[in-house]
Amino acid sequence: KDEKALDFLKKLGLTEPDAVAEVIEHVLPKYNQHPPTISDDEHRKDMEKIFSAYSIEDFKLKEKLKETAFIRAENLVLQQIQYKKPEQLYFRTKELEIYFDGNGDIWFVDAGYDDSVLRLLNKIGVSYNIHIKCLSKEDLNDYVDLRGDSICYRRGLRGFDPDIEIDGFQH
């Protein structure tokens with residue numbers, strides 16, 4: 001940073017922008033364009049800003065990161081690169097590659113990120129494990145109520161949810 005420029009700005013009464021505010025107000029909105037037109041170099045700089053801002057405990061930033069498609073991802077079947085939200089992604093492991101082989105709906109985190117960024121992505125929702133959505137509870141010995149109204153009533157025995165959803169299972 002140019003010290004003279006900083007002194008000049010301080011004399012004008014301006015302060016350095018807050019790292020969290022910069023990411024929320026200037027970095028993440030670029031990724032809401034469809035499709036985002038961001039160079040690799042600009043994306044690398046954006047990720048540095050995000051990484052730096054994330055170290056500051058800020059709930060709003062964490063929520064914005066979870067709901068923004070800012071992570072470079074690759075689809076092995078479609079052979080495409082797109083930006084995706086953390087919850088839409090998996091880390092690329094041999095096991096997950098085998099499980100999702102041929103599934104065009106699955107996106108993996110781009111291989112170009114370093115380990116520190118990968119740890120951050122894991123904290124905000126990118127997964128090493130297959131996503132499973134269910135109402136089941138492992139410690140139940142009886143049943144779990146799934147739906148109840150005057151027309152339809154279902155329950156799962158011993159905590160089993162018949163409406164379980166497992167990523168890639170149908171494929």
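For the record, axes are lines fitted to C-alpha atoms, for helices over the stretch in contact, and angles run from 0 to 180 degrees between N-to-C directions. The crossing of α3 and α6 is left-handed, a term used if the near helix is turned anticlockwise from the far one by less than a right angle, with right-handed used if clockwise.

I then listed the residues in this contact: Met47, Ile50, Phe51 and Tyr54 from α3, and Ser116, Val117, Leu120, Leu121 and Lys123 from α6. Contact here means heavy atoms within 4.5 Å. Sorted by class, the contact of α3 with α6 has seven nonpolar, one polar and one charged residues. The classes are Ala, Val, Leu, Ile, Met, Phe, Trp, Tyr, Cys and Pro as nonpolar, Asp, Glu, Lys and Arg as charged, and the others, Gly among them, as polar.

**Source and overall layout**

I am working from a predicted model, in which local features need pLDDT of at least 70 and side-chain atom pairs count only at pLDDT 80 or more, while totals for chains, interfaces and linings use all residues. Residues are numbered from 1 along each chain as its sequence is written, and side-chain values use heavy atoms, with hydrogens and water left out.

I counted six helices and eight strands in the chain. Helices (H or I, at least four residues) and strands (E, at least two) are DSSP runs, numbered from the N terminus. Along the sequence I read the pattern α-α-α-α-β-β-β-α-β-α-β-β-β-β.

Of the 171 residues of the chain, 32% count as buried; buried means under 20% relative accessible area, exposed over 50%, partly exposed in between (1.4 Å probe, protein chains only). I put the accessible surface of the chain at about 11900 Å², of which 50% belongs to carbon and sulfur atoms. These areas come from the Shrake-Rupley method with a 1.4 Å probe, and for residues only the protein chains shown count as cover. I also looked at contacts between residues at least 6 apart in sequence, and 53% of them join residues at least 24 apart.

**Helix α4 and its partners**

The crossing of α3 past α4 is left-handed. On the α3 side I found Ile50, Ala53 and Tyr54, which meet Leu61, Lys62 and Leu65 in α4. The class count for this contact of α3 with α4 is five nonpolar, no polar and one charged residues.

I next took helix α2 (residues 19-27), whose axis comes within 10 Å of that of α4, with a crossing of roughly 30°. That makes α2 roughly parallel to α4. I recorded this crossing, too, as left-handed. Val20, Val23 and Ile24 in α2 meet Lys60, Leu61 and Lys64 in α4. The contact of α2 with α4 divides into four nonpolar, no polar and two charged residues.

**Single residues**

I looked up Lys45, which lies in helix α3. Lys45 is partly exposed, with a relative accessible area of 41%. Its C-alpha atom is separated by 9.7 Å from that of Val27, 18 residues apart along the chain.

In the loop between α2 and α3 I found Pro35. A cis peptide bond joins His34 and Pro35, with omega about -15°.

Gln79 sits in the loop between β1 (71-75) and β2 (80-84). I noted a positive phi of about 50° for Gln79, although it is not a glycine. Gln79 is exposed, with a relative accessible area of 70%.

My last entry is Val126, in the loop between α6 and β5 (132-133). Val126 is buried, with a relative accessible area of 2%. Leaving aside neighbours within four places in sequence, I found Val126 in contact with Ile71, Pro86, Leu89, Tyr90, Phe91, Val109 and Leu121. The C-alpha atoms of Val126 and Lys85 are separated by 8.4 Å, the two residues being 41 apart along the chain.

Terms used: Angles under 35 degrees count as roughly parallel, over 145 as roughly antiparallel, 65 to 115 as roughly perpendicular and the rest as oblique.
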